Amino acid sequence: MTLQAPPNRTNSDGKTRRVGVEIEFAGLPPRDTAELVRELFGGELNVVSPHRLLVEATRWGEFGIELDTQYAHPDKTLLEEHHESDSEWARQQRHRRLEFHQKTRELIGDMVTGLVPTEIVCPPIPWNELEELDQLFGALRDKGAKGTDASLLYGFGLHLNPEVERFDVGYLLAMMQAYLLLASWLRDEIKVDITREVLPHANPFHKEYALKVLDSGYQPDLDTFINDYLHYNPTRNRELDLLPLFAHLRPDHPHELLHSQLTKPRPTFHYRLPNAQLSQPSWGSVVEWNRWVEVEKLAANSDVLRARCDEYIAEHSQPWWKRCKAKLLGLLKSS
């Protein structure tokens, strides 16, 4: 599949935009996965803990590989505790507690391997080098990694984190409007797995929010745009999660979600909708990137975007019985 170029290829500094990629899968433990990443892209292996590893100093930066559950990893806060005034006896007691904690977390990880996914968090990669990253997906398939459709229990996803082109509210609003208009199309194209539909991680936006944002009278400043998003979407579980971007733009914002351990500030859109389709030989990050680029193309075409917004408002502002009647008439005319 040919990699599609976005309408805006560079960021606000004039550098090639980058995109982070995250993927979940079963069938390959973190250690074997990290070795595979190192074979493909070079770098140095750093074993942080038995079920959390890094591959550092690759051509793009650092890959993180781990079991996707906090209970398989030592508690960072506990590890970093320091009590300089402790007696020797107290230090020894603390050392024993830490050893027990680490062994317990390792045992939990051993027990849940195969039940919870392995996750790879790739470093930010220039968008025009995604075809090279797709070597990883082929190698994972060859090693027996299992994606979303391998089991009803597997609600695995692939996340893209495209770097924003710029930070002005006009651009961000256009991107949100384009996404809301294309969300149903994306779900149809991806054929979002039934398990992932049931799980909350990539929930759609509610129509009430869409009607507000797509209305021609909605012309917010950046703070209003952020506050409206948080009011209508007080959750990380959206198919297009803007919390990491807002945490980057407004680090002093008081909303608790922007300061959660799970919200990592970064100048990107966090797109959570795609399945992890490792069973399909032609599937990879390029496939999902090309679908995402359709959102960017619509956002960049202001005339078409405005017309599509007006169509949505006109259709969805009608009473339900009028919408049903219009659809029925459309079906009768086409038959």
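Which residues in helix 6 meet which residues in helix 12? In this predicted model, local features need pLDDT of at least 70 and side-chain atom pairs count only at pLDDT 80 or more, whereas totals for chains, interfaces and linings use all residues. Residues are numbered from 1 along each chain as its sequence is written, and side-chain values use heavy atoms, with hydrogens and water left out.

From helix 6, Ala 174, Gln 177, Ala 178, Leu 181 and Leu 182 meet Leu 305, Arg 306, Arg 308, Cys 309 and Tyr 312 of helix 12, where contact means heavy atoms within 4.5 Å. The residues of this contact divide into seven nonpolar, one polar and two charged (Ala, Val, Leu, Ile, Met, Phe, Trp, Tyr, Cys and Pro count as nonpolar, Asp, Glu, Lys and Arg as charged, and the others, Gly among them, as polar). The axes of helix 6 and helix 12 (residues 302-316) come within 10 Å and cross at roughly 55°, and the two helices are therefore oblique to each other.

With helix 9 (residues 222-232), the axis of helix 6 (residues 169-190) comes within 9 Å and crosses at roughly 30°, which makes helix 6 roughly parallel to helix 9 (angles under 35 degrees count as roughly parallel, over 145 as roughly antiparallel, 65 to 115 as roughly perpendicular and the rest as oblique). Here Val 169, Leu 172, Leu 173 and Met 176 of helix 6 make the contact with Leu 222, Phe 225 and Tyr 229 of helix 9, and the residues of this contact divide into seven nonpolar, no polar and no charged.

Terms used
Axes fitted to C-alpha atoms, helices over the stretch in contact; angles between N-to-C directions. Helix = DSSP H or I, 4+ residues; strand = E, 2+ residues; numbered from the N terminus.
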